[in-house]
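This briefing looks at a ligand site and then at charged side-chain pairs. Please read it with the sequence and the model at hand.

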Amino acid sequence: MLPTLLVFLVLPARLCPVDAQGCTLKSLEEVVSRSDGDIIIGGTFPINYNWRDPEMVFTKPPEPILCNTFASRTYQWAQAMAFTISEINRDQNFFPNLTLGFLVYDTCLSLVRILKGTMRMLTGQAKPIANYQCQSQPSLAAFVADSGSTRSIATARLLGLYRYPQVSYFASSPLLSEKIQFPSFCRTIPSDDIQAWGLAQLVAHFEWSWVGLLSSEDDYGELGSQMLKSKLQKFGICIAFHETFSIVPTARKIIHIVDTVKRTSANAILVFSADPFMRPVMEELSKHNITGKVWLASEAWSTSPGVSTNKLASMLSGTIGFAIHESKIPGFEEFLLKLHPLNSPNDIFVKMFWEMAFRCRWPNSKINQTLVNLDANSSGDFCTGAEQLENLKSPNSNETDLRISLNIYNAVYSVAHALQDMNSCVPGKGPFANNTCANFQHFKPWQLLHYMKKVHFRNKMGEEMYFDRDGNPPAMYDIVNWHLQPDGTISYVNVGKFDSRAPKGEELYVNISAIQWNTQRTEIPRSVCSENCPPGYRKASQKGRPLCCFDCVLCAEGEVSNVTDSSTCWPCPSDQWPNQRRSKCTPKRKEFLSYQEPLGSTLAAIVVLWTIITILILCTFIKYRDTPIAKANNRALSFLLLGTLVLSFLCSLLFIGDPHPTTCLIRQTAFGITFVLCISCVLAKTIMVIIAFNATKPNSNFRGWLGPWVTIVLVSTSTFLQVFICTTWLLICPPFPEKNMKLKIGIIIWQCNECTDVAFWCMLGYMGLLACVSFLVAFLARKLPDSFNEAKWITFSMLVFLSVWLSFIPGYLSTQGKYTVAVEVFGIISSSAGILVCIFFPKCYIILLRPDMNTRQQLFGKGARKNKKIKTI
Ligand code: TRP
């Protein structure tokens, strides 16, 4: 199988013959595979696992540790070492005159075994005596050790004493980066702090904020989960639970974990553990039919065929994990396919491998049956040796581990490169004391360590390899997704990568569309404690629960939040108001009595209608100005009254529409003045009735009062007084348009600020006073015999006027915004209409419909009759 290397099993009892130094010791337990060479590299691999610790009795010597399950995956790792060394030996550029050899030790995942193995390789004898080296040749250059952190830590402490270079291919604990504790340790697997950072980024990438965490109680799981927790916290991700299990989990613990996983609302569960330790937990979980969870794997189990078994496939399909970067090592697969027990008759591992792979037994197997407990089936048929490894390969098989093997490949190469660098040292220019070089035949371990720390090369696949200050390689991970195949097996599919050397923020790449979730859906499953708060809400933390669990509270009135999951709401600027969803501030709605809205347009239409009616009445009066009814009772005053009524109707239009500085300024005063003019006309009319009545009496001094000047004086003085009040108002404190934001929330009331209420009420009060006077006067004169019951109708009109304005007061005071204006417009319309109807409609009726009554006789006759009637009553 290996042309330059001879692999054979060394039975420890015969390893070190009795010699002068007396180094003869007996042991049956160690299983060592070796290939001779001038320089040896030691390697430790957990080829078998499931070790049984010896019974704790102290009355006899400790029994050997036995392990009973052969793992073809880890055997492949040892083969990767053999392959690399054979490749280096074939390469003339490295050591033309030397061959490298190796020693492979099966650690069984046991700490006792690895310590013994390391000592054994150091001292060269089966029963090691510290500080003594029995073997003289060849020299052991470095260790490629070990798989797990726990065991690597133990050996690194030992090897650190001698500064023996140690390169691990799978021990990723961040503790091993501490060079004070582990001076001679370096590795070809990145440290877990990078993995934890990457896993946290992955969780954040899927927007999961509520995750569970399971970890093993060993150096790997404990430190890794601790790192992971702190990195998750940095991303604001909360831990729903963190359960740990010992490397030999107890039934009680497993039940507790099953219970926790069943109850949790977290759908994403991170597992930071190595495959052999988590398997019992996962097997129990699968019995409880736990579905719908996304399992996130650390690199120790993400590509482990020991976990992706058919039994666990349905539960664990869809698992996403960080895996060691994979690269096809040219020639390695062919090398593995050429494995055959007959090619290496003394390699105990290859026979075990064959027996396991083909479920048969070698007829003359010399393997101590206590060491290997083969599959029950295998005890039946004998192996023929004609079995073909090619036939075993299925298309989706995860059998070839090109990930850890690559780490081993790089580890062996880094030792070879260090040796080569040491070999090519120019005498007199060496790095050691007095510029000396190391003696290549008898170099010291620390001398090789010096070169180890400096290696920098590209492997055959073109990938760069070096160790940083802490002995760590460049960090590169693949992201794998477990796809369930139709035949029920799992295949690991690369769906992304994580490269710590990429620019910040671009380290992680995930092709989400390539991911197969075990929910059978294409969208990313959710794993949150509380659903997101939409904009318009804010998060309110729940008492005693993690920050990721919160209630969504609607933003208070006037406040908004415009992002999802906002923790606060903020108030809108004073001229803005939240929209209905409270997700943004919009300009507040302006409120004023506009022509566009029904109320405004109806009022305006009524005003126009009444104005037209008034104008028509005015026209009728002008047309019939010479008829007795128009002539009677001061024709000019009637015209003036009708004119002012038109004005007062029209002035109500000043109240509708958006307030302008000018409309604000004139509207109340225009209203006040036209109305006073109107009432003073009415007053003048009544007074004229009284004067006329009295003037008819003989010797009356009222005769002189019959002239038009009385009316002129009366109307102008009373109007002047109002003009005076209004000008004072305008001068002292002119009304102005204002945007009132306080009156109604969410609405800007656009209104005219009257500036002073006193002036407004004075104006209105004066108008009221005048109306009262007219009412009183008209009331007194109501029974006087006048033409067409003028005084009576005036009494009515004033009654209407007063009642309108009396009811206006509470209406005006109790309404806000546009309704106040509407009340005032309504007051103006109804009071003017009242006057118009009461005073002019009866006259129009006579003019237009009863022209027969529009005669002087009728006028006086009726008046005389009426007078009589009064007297009879
Ligand atoms: N990266 C892991 C570690 O550093 C790998 C590991 C842990 C492992 N335990 C193991 C590998 C057991 C094989 C067997 O520890």
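This is a predicted model: local features need pLDDT of at least 70, side-chain atom pairs count only at pLDDT 80 or more; totals for chains, interfaces and linings use all residues.

The shell around the ligand draws on two domains, with at least three residues coming from each of domain 1 (14–189 + 330–338 + 399–462) and domain 2 (192–327 + 474–514).

**Ligand site**

- The residues surrounding the ligand include Leu 109, Arg 151, Phe 170, Ser 172, Tyr 220 and Glu 299, and the shell as a whole divides into six nonpolar, four polar and two charged residues.
- A polar side-chain atom of Glu 299 lies 2.4 Å from a nitrogen atom of the ligand, while a backbone N or O atom of Phe 170 lies 2.7 Å from a ligand nitrogen atom and a backbone N or O atom of Ser 172 lies 2.8 Å from a ligand oxygen atom.
- Taken alone, the ligand exposes 350 Å², of which the protein buries 97%.

**Salt bridges**

- The structure holds 20 salt bridges, and Arg 73, Asp 275 and Asp 401 are linked in a network of such bridges.
- Asp 259 and Arg 263 form a salt bridge at 3.4 Å, N to O; because they are four residues apart in helix H6 (residues 251–263), about one helical turn separates them.
- Within that pair, Asp 259 is partly exposed, with a relative accessible area of 37%, whereas Arg 263 is exposed, at 62%.
- Arg 501 forms a salt bridge with Glu 464, with the closest N and O atoms 3.7 Å apart, and this pair links distant parts of the chain, 37 residues apart.

Key. Residues are numbered from 1 along each chain as its sequence is written. Side-chain values use heavy atoms; hydrogens and water are left out. A residue is near a molecule or strand if one of its heavy atoms lies within 4 Å of it. A polar contact is a pair of N or O atoms within 3.5 Å; within protein, one must be able to donate a hydrogen and the other to accept it, and residues adjacent in sequence count only if both atoms are side-chain atoms. Accessible areas come from the Shrake-Rupley method with a 1.4 Å probe; for residues, only the protein chains shown count as cover. Ala, Val, Leu, Ile, Met, Phe, Trp, Tyr, Cys and Pro count as nonpolar, Asp, Glu, Lys and Arg as charged, and the others, Gly among them, as polar. Domain bounds come from an automatic or database domain assignment. A salt bridge is a side-chain nitrogen of Lys or Arg within 4 Å of a carboxyl oxygen of Asp or Glu. Helices (H or I, at least four residues) and strands (E, at least two) are DSSP runs, numbered from the N terminus. Buried means under 20% relative accessible area, exposed over 50%, partly exposed in between (1.4 Å probe, protein chains only).
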